[in-house]
Amino acid sequence: MRAVDLIQKKRDGGELSREEIAFLVQGYSKGEIPDYQISAWAMAVYFRGMNARETGDLTLEMAMSGDQVDLSPIAGIKVDKHSTGGVGDKTTVVLAPLVAAAGVPVAKMSGRGLGHTGGTLDKLESISGFSVEMGREQFFAQVGEIGAAVIGQSGNITPADKKLYALRDVTATVESIPLIASSVMSKKIAAGADAIVLDVKTGSGAFMKTLDDSIALAQAMVDIGTHLGRNTVAVISDMDQPLGFGIGNALEIKEGIETLKGQGPKDLQEVCLILGSQMLVLGGKAKDEAEARSILLSHIEDGSALEKFKQMVTAQGGDASQVEAPDTLPSAGRFIEVKAASAGYVESIQAEEIGVAAMLLGAGRETKESQIDLAVGIQLSLKVGDAVAAGDTLAVLHVNNAGVSKVQEAEAKVLEAYRISAEPVPPQPLVFALVTKDGVTRY
Ligand code: URA
């Protein structure tokens with residue numbers, strides 16, 4: 001077999017067999033097929049697409065390219081949750097303890113962020129002493145004992161995807177539905193979950209800007225999960241503005257704690273309840289979404305979700321007193337208000353611009369080596385639909401060491417991110433559709 005023939009076949013709209021896909025993935029992993037040939041193949045896939053069988057085969061080949069985690073020592077149905085990435089998305093911080101409090105074990109391996117704000121691991125490290133590194137035995141023991149653990153990916157999970165994703169990033173081939181779907185699902189399959197709840201973001205701050213594309217991506221991922229024997233559902237949720245008000249690591253932990261107490265932002269609470277309900281249904285703890293929602297709400301109201309978070313923090317070496325007193329989490333030294341130039345109503349808040357502004361302040365990494373400042377970020381004051389007068393504060397920058405030019409750039413980005421309309425803006429849907437193996441339900 002020769003890579004050039006397979007590139008040509010895909011370029012001309014052909015279908016690659018399982019053996020041909022295996023040849024490309026394994027050859028690339030071993031360094032036998034060079035970057036330039038895989039770049040050409042990825043571009044051919046970008047334009048020609050792949051059918052469901054090819055996408056499933058690519059997923060499996062990448063899942064099998066490294067370690068595969070066996071979660072079977074942990075009792076119960078292990079449900080994983082994955083978001084395709086959004087600004088201000090701290091749902092894992094809320095859902096891990098909330099869902100565990102309801103009896104579904106959460107054995108979560110998370111990532112760090114590159115660009116924008118940090119990832120879930122960075123956020124959790126805002127809590128003094130919190131460790132995201134532990135061995136498999138300890139990980140299983142913690143999930144067995146308290147029902148939840150969130151750790152960094154250890155070992156060698158999906159190295160083929162790691163290599164291919166990095167190449168796609170620099171060859172303009174990220175935004176391809178079969179390539180995104182196989183990339184995400186290969187990691188979920190290798191991480192060993194029995195069932196998977198996907199949060200596919202749609203809108204200006206998401207990979208997929210339109211609802212139709214987001215649904216197509218969700219369907220591709222649900223198909224893969226279903227064919228590989230993992231019960232998989234996808235929720236399509238809004239990313240035409242950041243989720244919640246806080247963007248930045250400690251700011252997001254504070255908001256997560258508020259949400260576990262039932263005092264968080266309405267949009268964040270609602271997305272958590274929707275995703276959490278799906279997790280409970282797949283985890284066999286509720287017969288339907290309505291029952292699941294009332295179980296979750298009861299764990300917020302009786303304090304057991306917050307208590308579960310404290311147990312998780314303590315088990316991972318963190319200082320649980322900071323959960324009681326979030327003011328003791330890292331906080332910035334300076335606060336700069338960004339004011340509206342004109343009056344009207346907030347029409348949208350470009351999530352990506354807000355994410356970049358937070359990164360400029362030091363909340364995210366520009367390169368893998370960048371040091372994150374856990375305290376800094378952006379606290380939004382107004383969200384979509386809110387009325388605004390000229391001179392009102394739109395958002396507050398939480399600043400420490402960023403230089404004058406970076407702060408000015410961040411300020412300009414935040415101002416640019418807010419689109420103000422002269423007309424009142426009707427409430428925006430938070431969740432647009434649910435995709436399951438049985439089809440698409442639009443809300
Ligand atoms: N996230 C992933 O893990 N892979 C993609 O291709 C895109 C988003």
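The second largest cavity is lined by 7 nonpolar, no polar and 3 charged residues. In this count Ala, Val, Leu, Ile, Met, Phe, Trp, Tyr, Cys and Pro are nonpolar, Asp, Glu, Lys and Arg are charged, and the others, Gly among them, are polar. The elements giving two or more residues to this lining are β1 (79-83) and β2 (106-110), and β2 supplies the largest share, 3 residues.

The model is predicted: local features need pLDDT of at least 70, side-chain atom pairs count only at pLDDT 80 or more, and totals for chains, interfaces and linings use all residues. Residues are numbered from 1 along each chain as its sequence is written, and side-chain values use heavy atoms, leaving out hydrogens and water.

There are 3 cavities of 30 Å³ or more in the structure. A cavity is a set of points on a 1 Å grid over the protein atoms alone where a 1.4 Å probe fits but cannot get out; lining residues have an atom within 4 Å of a point. A volume is the space filled by probe spheres set on the points, which are joined across faces, edges and corners.

| Cavity | Volume |
|---|---|
| Largest cavity | about 70 Å³ |
| Second largest cavity | about 50 Å³ |

The lining of the largest cavity has 8 nonpolar, 1 polar and no charged residues. Its largest share, 4 residues, comes from α2. Helices are DSSP runs (H or I, at least four residues), as are strands (E, at least two), numbered from the N terminus.

Elsewhere, S277 lies in helix α12 (residues 266-282). S277 counts as buried because its relative accessibility is 4%, where buried means under 20% relative accessible area (1.4 Å probe, protein chains only).

Conventions:
Buried < 20%, exposed > 50% of the residue type's maximum accessible area, 1.4 Å probe, protein only. 1 Å grid on protein atoms, 1.4 Å probe; cavity = no way out; pocket = protein on both sides within 12 Å on 5 of 7 lines; lining within 4 Å.
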